[in-house]
Amino acid sequence: MCMAYSDDDQDIYLRNVFKFYKHLNYTHDVCKRIRTCTDLVFKEIVFNNLSNSHPNCIVQSLVTEDFFIIKNFLSSTKLEDLWQSALTEWCRLPTAQCNLDTKVSPNNRICPTDSWYSKLRWVTLGYHYQWSERAYDESKIGEFPELLSETVVSIVNFLKQLIENGEILSNNYSNLLEKCKNYNPEASIVNYYRTKTTMGFHSDDAEVDKEAPLISISIGPAALFLLETSKPIKHKFDSPLSHSSFEQAAGYDHIVPVFLHHGDVVIMAGKSRLARHAVPVIFLNDVAEVVLKGALNVSHKICDKFLRQDHDNDECIHCQEFVQYAKSTRINMNVRQVMPAHK
């Protein structure tokens, strides 16, 4: 990655960036200007009436990095199925691994005060990433859920279709197209962001195949995502913001801040595949109506499946507890191919 500073300076630079965005006062004006800046950096295309998706599917691309954000591609039903699976099925798989020593039991309720769910931070599926070694162990491979696999493959196929039709540009057209054609989801880290949970700058570079796209699906409250770019990005903040030190942001010219919302899909390919990225803040105090509606729908399904009881939608304590948990938990499904595909 070509940077205008040394490795040591780069680490200091990224720490300063992370600290700045973590402690920024996100007023309405600040958020508006960040979105405006992002809109100027990304090229956006709107697709109407795509099958199996919402109308007005939006693809935002940062061509120099082969970094893509897809909005409204996944239907509300698909998102609810993924949401439910992440909280009731995947963490219960015998071959799954998570940050807790104990397995979830039928007595655990999905609510903010539950002794198990309140501490759940990640679950790994398929190839299990070994955190201490920062590598994958081929002897430690678990089940990869069919629902997640099918969803991610549909996303990659959509990207492939856009490339083949010339509807989006790529910094390395032929290589990205080949990687999409042979894509095989093999590992997933499902992150559960709660309260003050953040993710510092890091690069997902442990996979043997370091060119196959990395796919990320956001569910629940919004977050700010920071992407380090290979070339300087001119931030066009049109005037000083209400935060007294926000002028610093213009100086962070290798960082693109992006708001990620419920249902957003991120694809990191090309130069962005190994780019450092971070999540400095989760917006738990400003949960969108679409999140609340989706959470309530999921709560009804879970209540019916596990408790098997009739209940009033407005008064069921279990549904209310689930909605409170959903409002305070952002789920990110990060999927990658580990091994080179067999052609």
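Biologist: In this predicted model, which residue has its backbone oxygen 2.9 Å from a polar atom of the side chain of Gln337?
Modeller: Gln337 is in the segment that follows strand 14 (329–336). A polar atom of its side chain lies 2.9 Å from the backbone oxygen of a residue, and that residue is Met339.

Biologist: With which side chain does the side chain of Gln337 make a polar contact?
Modeller: Leaving out residues up to four places away in sequence, Gln337 touches Asn182, Tyr183, Asn184, Glu186, Glu207, Asp209 and Ala212. One of these is the partner in a polar contact between side chains, at 3.3 Å. The partner is Asp209.

Biologist: Is Gln337 buried or exposed?
Modeller: A residue counts as buried when its relative accessible area is under 20%. The relative accessible area of Gln337 is 1%, and therefore this residue is buried.

Biologist: How far apart in space are Val208 and Pro340, C-alpha to C-alpha?
Modeller: Val208 belongs to the loop between strand 8 (199–202) and strand 9 (214–219). Apart from neighbours within four places in sequence, it is in contact with Val338, Met339 and Pro340. Val208 and Pro340 are 132 residues apart in sequence, yet their C-alpha atoms are separated in space by 6.9 Å.

Biologist: What share of the contacts in the protein with a separation of 6 or more comes from residues 24 or more positions apart?
Modeller: The protein has eight helices and 14 strands. Among its contacts with a separation of 6 or more, the share that joins residues 24 or more positions apart is 76%.

Biologist: What percentage of the residues in the protein are buried?
Modeller: The protein has 343 residues. The buried ones make up 55%.

Biologist: Within what arc do the buried residues of helix 2 fall, seen down its axis?
Modeller: Helix 2 covers residues 28–41, and its buried residues are Val30, Cys31, Arg33, Ile34, Cys37, Thr38 and Val41. They line one face of the helix, because, seen down the axis, they fall within an arc of 165°.

Biologist: Which residues are exposed on the other side of helix 2?
Modeller: The buried residues of helix 2 are covered by elements that include strand 1 (43–47), strand 2 (57–62) and strand 11 (255–260). On the other side of the helix, the exposed residues are His28, Lys32 and Leu40.

Biologist: What distance does helix 2 reach from its first C-alpha to its last?
Modeller: Helix 2 has 14 residues, and at 1.5 Å a residue the expected span is 20 Å. The reach in the model is close to that expectation, at 20 Å.

Biologist: How far apart are the C-alpha atoms of Ile255 and Arg276?
Modeller: Ile255 lies in strand 11. It is buried, with a relative accessible area of 0%. Ile255 and Arg276 are 21 residues apart along the chain, and their C-alpha atoms are separated by 9.6 Å.

Biologist: At roughly what angle do the axes of helix 4 and helix 5 cross?
Modeller: Helix 4 spans residues 146–164 and helix 5 spans residues 173–181. The contact is made by Val156, Leu159, Lys160, Ile163 and Glu164 of helix 4 with Tyr173, Leu176, Leu177, Cys180 and Lys181 of helix 5. The crossing is left-handed. The axes come within 9 Å and cross at roughly 145°.

Biologist: Which residue has the backbone oxygen that the side chain of Ser118 reaches at 2.5 Å?
Modeller: Ser118 is in the loop between strand 4 (97–98) and strand 5 (122–130), and it is buried, with a relative accessible area of 17%. Apart from neighbours within four places in sequence, Ser118 is in contact with Pro112 and Arg194. Its side chain reaches, at 2.5 Å, the backbone oxygen of Asp114.

Biologist: What value is the phi of Asp66 near?
Modeller: Most residues other than glycine have a negative phi. Asp66, in the loop between strand 2 and strand 3 (67–71), is buried, with a relative accessible area of 1%. Its phi is positive, near 55°.

Biologist: About what phi does Arg134 have?
Modeller: Arg134 is in the loop between strand 5 and strand 6 (135–141). It is partly exposed, with a relative accessible area of 44%. Although Arg134 is not a glycine, its phi is positive, at about 50°.

Note on methods. Residues numbered from 1 in each chain as written. Predicted model: local features only at pLDDT ≥ 70, side-chain atom pairs only at ≥ 80, totals over all residues. Heavy atoms only, no water. Helix = DSSP H or I, 4+ residues; strand = E, 2+ residues; numbered from the N terminus. Buried < 20%, exposed > 50% of the residue type's maximum accessible area, 1.4 Å probe, protein only. Polar contact = N/O pair within 3.5 Å; in protein donor to acceptor, adjacent residues only side chain to side chain. Contact = heavy atoms within 4.5 Å. Expected span 1.5 Å × (residues − 1). Arc of directions from axis to C-beta. Axes fitted to C-alpha atoms, helices over the stretch in contact; angles between N-to-C directions. Left-handed = near helix turned anticlockwise from the far one by under 90°.
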